[in-house]
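I opened a new notebook page for this one. My plan is to jot down whatever I look up, one entry at a time.

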Amino acid sequence: MPIVIEPYREEHEPAVQEFNRRLQAAGDPDLVFYKSSRPKWLPQIEASPVYNEYLVAVDSGVVRGAYALKHEQVFIPGKGSISVACYHHPLSEGIVDRSYASIGGLMVRDALTRQPLLYSLGMGGYDRPLPKMLKALGWSLVQLPFVFKIVHPNRFLRDMHALRTSPLRRSLMDAGAATGLGWLAVRAAQSALRARAPRSGPVTSDRVAEFAGWADALWLQAREQYRMSALRDSETLRRLYPRTDDHFTRLRVRRRATDVGWAVVGERRKDAKYGSMRVGSIVDSWASPENALDVAQAATRELETQSVDLIVSNQSHTAWGHALERCGFFNGPSNFIFAASKKYAETLQPFAENSGGFHITRADGDGLPRNF
Amino acid sequence: MFEQVRRIAADLFAVPTERLTSESSPETVEAWDSNQHLTLVLALEERFAFQLYPEEIEQMHTLGDVARVVEAKVQAVKS
């Protein structure tokens, strides 16, 4: 029997659990496909272009691979709203049994027949298997900036496990924390960055329970100013950040009673590389590029008020990068990659030149459930 | 046909041609992983100017299988 790639249905669930067991036997607890065939995050509902679809590669009743597509719409100036999909969570039996080495490639090709305008996001760096495969298929790839702000320098120096990689580094970081020199150095660098920020008028930010019509006006005002942005009207925002999800803080940002933008911030789940630090994230944000600083400042203030130790964000647009820099953020090493299929990249040409004008944040792709 | 396929595979996997036999497979060739399998498929499509169907790719378990699929495909394209 040939391998058939088909929508993941309830009848496949036991076979997916078996598939997960075989993958986990390889020793990586992250190698797990969704137990339920109905997506918990963004299930398909009528009239919404944003939804998840799961697919499985079945060989005589045995699941040998699985992947997910997050369908959505993006706006590209001059082209309007177009449907695209994020290729995410691909898992193949080839990871543990090389006789199934063809499954990974078959799944990407299958996804391309279902939606030629495909992208992938994150992926952990160029050296990972998925970006390598996408590159081989002729996809266009670009690394997006990662920025971080140290709110509590001493906690950062003592708990940033990703940097405490050698005895010498650990000693230096401990000494920096104990003597206060680390604190001084971080504060001095942040002050220098902030001094470059222009003084803006009176800006206020209010926590809101959910997004409403005012967000539609902001979407329409600013979308032409980005080379590409995923749909962020109020209906989509209510799906991404529903009122019932109290993990996120939704901020409405105004200058002299006029809406200038919004941000969504939240505390990330614990991650070994950050030790016991509380890590906040500017998950998503929207404004015209000239108003990015107002929104970045409001989002940063909110997370500082929540007493996180470190704030992180991924923002592809150069205006947002500059705005965050002026809020005291530093650029860090990024493993956050945006990859566009050949057909999708054709709509984004010149791809490399335009990439600094894309509006891509941590909330795009499959980042929300993975990180929060 | 096998010789042509073997040369392409040897280049991709960076192994001496003589180390590849018709029985060589992802299980016996260290460099032949999922990515290289896809790269091999793409290289064959480019070299022979055809597009392989999923069911054809699935049959490619060994280098001998690959050569047989390519041979059949070339004949089908010609006729």
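Before anything else, a note on terms: domain bounds come from an automatic or database domain assignment. I keep in mind that this is a predicted model, where local features need pLDDT of at least 70, side-chain atom pairs count only at pLDDT 80 or more, and totals for chains, interfaces and linings use all residues. Residues are numbered from 1 along each chain as its sequence is written, while chains are lettered from A and ligands numbered from 1 in the order in which they are written.

**Entry: domains of chain A**

I found chain A split into domain 1 (4-115) and domain 2 (146-334). Their C-alpha centres lie 31 Å apart. I then looked up where they touch, taking two residues as in contact if their C-beta atoms, placed from the backbone, lie within 7 Å. By that count, 11 residues of domain 1 of chain A meet 8 residues of domain 2 of chain A. On the domain 1 side, strand 3 (residues 62-76) of chain A brings the largest share, 5 residues. Strands (E, at least two residues) and helices (H or I, at least four) are DSSP runs, numbered from the N terminus.

I sorted that side of domain 1 of chain A by class and got 7 nonpolar, 3 polar and 1 charged. My classes: Ala, Val, Leu, Ile, Met, Phe, Trp, Tyr, Cys and Pro are nonpolar, Asp, Glu, Lys and Arg are charged, and the others, Gly among them, are polar.

**Entry: chain A as a whole**

I noted 13 helices and 16 strands in chain A. Its radius of gyration is 22 Å, close to the 21 Å that the globule rule gives for 372 residues, so chain A is as compact as a globular protein of that length. The radius is taken over C-alpha atoms, and the rule is 2.2 Å times the number of residues to the power 0.38. Along its principal axes, the C-alpha trace of chain A spans about 65 × 55 × 40 Å.

**Entry: chain A meets chain B**

How many residues does each chain put into the contact? I got 18 from chain B and 17 from chain A. On the chain B side, helix 2 of chain B gives the most, with 7 residues. I also checked the classes on that side of chain B: 8 nonpolar, 6 polar and 4 charged.
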